[in-house]
Amino acid sequence: MSDAVFLVVMGVCGTGKSTLGAALSKALCLPFIDGDDLHPQSNVDKMSRGEPLTDADRQPWLEIIRKTAVSSVLSQLEDDHGLDVPSPARDENQKPGIIIACSALKESYRSVLRGETLSEAEVLNHLGKLPTWFAYMKGSREVLTDRMMKRQGHFMKAAMLDSQLKTLESPENEEGVVTVSIEWSTEDQVREVVRVLEDGGEGQQYVESKH
């Protein structure tokens, strides 16, 4: 399990988490899940009405995300294809893992996603803890607002952006975080995340301009 990876693509609404997650899935040959799809229906209903979620609302959702990641990696290690998480083909020498998009705005939320508040001993046994990385999509309010106003069919209202930005606790000083600008191309974002993962975390600093 220590050779596997759980990669969370994080950031406020409008950063393009799903786009980057799908691109990373292709680049790393790992399954990708949009964390929004794991929300309890009660959370979806609240967000559809433009109501921000409380920490009590988010706790079970974050736990579901972590448990889904662990279950997916275990199924890959056991070569069990019964789990309904589509995975791109990968060779036998490639690390197992999973990519999930999730806003992960607070440090406490990221602790849950890292499994620091859950006991995984019964599930993992001798396999060890699943390493967790965060790809933090960073951008200005102006760029984010413009993107949100152009989006169609997404239950997160543009008016909630300010609330999310206020809630956001930057992960940039935490371990296992690579920061990418939302103004970079998707290709450059993928290249940076893959580089840091391959380097084992070396050079995690944020670079304002790319190339």
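**Core.** I started with the largest nonpolar core, which I found to hold 50 residues. Leu-7 and Leu-24 have the most contacts inside this core. I then looked up which helix gives the most to it: helix α3, spanning residues 55–77, with 7 residues. A reminder to myself before going on: this is a predicted model.

**Leu-24.** I listed the contacts of Leu-24, leaving aside its neighbours within four places in sequence. Leu-7 is on that list, and so is Val-9. Cys-29 and Ile-99 also touch Leu-24. Val-190, Val-193 and Val-194 complete the set.

**Fold layout.** Next I went through the secondary structure and noted 8 helices and 5 strands in the chain. Reading from the N terminus, I wrote the order down as β-α-β-α-α-β-α-α-β-α-α-β-α.

**Contacts and surface.** I checked how far apart in sequence the contacting residues lie. Taking contacts with a separation of 6 or more, 77% are between residues 24 or more positions apart. Of the 211 residues in the chain, 47% are buried. For the accessible surface I noted about 10700 Å², with 48% of it belonging to carbon and sulfur atoms.

**Lys-150.** My last stop was helix α6, residues 141–150, where Lys-150 is found. Is Lys-150 buried or exposed? Its relative accessible area is 60%, and exposed means over 50%, so I put Lys-150 down as exposed. I also looked up its distance to Gly-14, which lies 136 residues away along the chain. The C-alpha atoms of Lys-150 and Gly-14 are separated by 9.7 Å.

How values were computed
Residues are numbered from 1 along each chain as its sequence is written. This is a predicted model: local features need pLDDT of at least 70, side-chain atom pairs count only at pLDDT 80 or more; totals for chains, interfaces and linings use all residues. Side-chain values use heavy atoms; hydrogens and water are left out. Helices (H or I, at least four residues) and strands (E, at least two) are DSSP runs, numbered from the N terminus. Buried means under 20% relative accessible area, exposed over 50%, partly exposed in between (1.4 Å probe, protein chains only). Contact means heavy atoms within 4.5 Å. Accessible areas come from the Shrake-Rupley method with a 1.4 Å probe; for residues, only the protein chains shown count as cover. A nonpolar core is a set of buried Ala, Val, Leu, Ile, Met, Phe, Trp, Tyr and Cys residues joined through side-chain atoms within 4.5 Å.
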